[in-house]
Amino acid sequence: MWRSYLAAFLLVAVVLGGFAAQSYAVGAAEEIASLIPASLESAQADESLERAYALYLKKTPLLSTLYVHSSLEEIDEAFEDCFASLALGQPEDYWRQARRLAYLLRRLPEADGLTVENIL
């Protein structure tokens with residue numbers, strides 16, 4: 001009988017741990033998205049983007065265990081595009097890339113559908 005209770009307890013602990021990890025990952029993605037400067041007019045736009053990218057690199061191991069790698073690769077490309085627009089000083093292109101990057105980060109939890117790619 002005690003084995004049944006132990007199994008039920010372990011099942012509940014695993015499910016609650018999964019929900020906690022998912023919640024933490026969603027919060028991390030939202031935090032990164034909030035750090036992305038919306039325009040180049042900000043005096044510290046490059047510094048803010050660097051902080052967002054550093055935080056993204058720090059949280060990547062967690063995000064890569066919970067989310068699809070193709071979504072994370074798309075976010076990597078968006079960061080590269082933002083840095084390129086920032087280096088070239090193209091405010092209109094940067095604005096588009098920053099919006100795309102924030103969108104990708106905020107939709108990351110929704111991109112985790114039940115597909116063969118996600119399961120493998």
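Helices (H or I, at least four residues) and strands (E, at least two) are DSSP runs, numbered from the N terminus. The model is predicted: local features need pLDDT of at least 70, side-chain atom pairs count only at pLDDT 80 or more, and totals for chains, interfaces and linings use all residues. Residues are numbered from 1 along each chain as its sequence is written, and side-chain values use heavy atoms, with hydrogens and water left out.

**Figure 1. Overall arrangement of the protein.** The secondary structure comprises 5 helices and 0 strands, in the order α-α-α-α-α along the sequence. Contact denotes heavy atoms within 4.5 Å. Among contacts between residues at least 6 apart in sequence, 69% join residues at least 24 apart. Of the 120 residues, 28% count as buried; buried means under 20% relative accessible area, exposed over 50%, and partly exposed in between (1.4 Å probe, protein chains only). The accessible surface is about 7,800 Å², and carbon and sulfur atoms account for 61% of this area. Accessible areas come from the Shrake-Rupley method with a 1.4 Å probe, and for residues only the protein chains shown count as cover.

**Figure 2. The largest nonpolar core, with Ile 36 among its members.** A nonpolar core is a set of buried Ala, Val, Leu, Ile, Met, Phe, Trp, Tyr and Cys residues joined through side-chain atoms within 4.5 Å. This core holds 24 residues, of which Ile 36, Tyr 56, Ile 75, Phe 79, Leu 101 and Leu 105 touch the most other members. Two or more residues are given to the core by each of α1 (2-35), α2 (45-66), α3 (69-88) and α4 (91-106). Apart from neighbours within four places in sequence, Ile 36 contacts Leu 49, Ala 52, Tyr 94, Ala 98, Leu 101, Ala 102 and Leu 105.

**Figure 3. The aromatic pair of Tyr 53 and Phe 83.** Rings of Phe, Tyr and Trp (its six-membered ring) pair if their centres lie within 6.5 Å; planes under 30 degrees apart count as stacked, over 60 as edge-to-face and the rest as tilted. By this rule there are 5 aromatic pairs. In one of them, the ring centres of Tyr 53 and Phe 83 are 5.5 Å apart and the planes stand at 85°, so the pair is edge-to-face. Because Tyr 53 lies in helix α2 and Phe 83 in helix α3, the pair ties together parts that are 30 residues apart in sequence. Tyr 53 is partly exposed at 26% relative accessibility, and Phe 83 is partly exposed at 21%. Ring pairs link Tyr 53, Tyr 56, Phe 79 and Phe 83 into a cluster.
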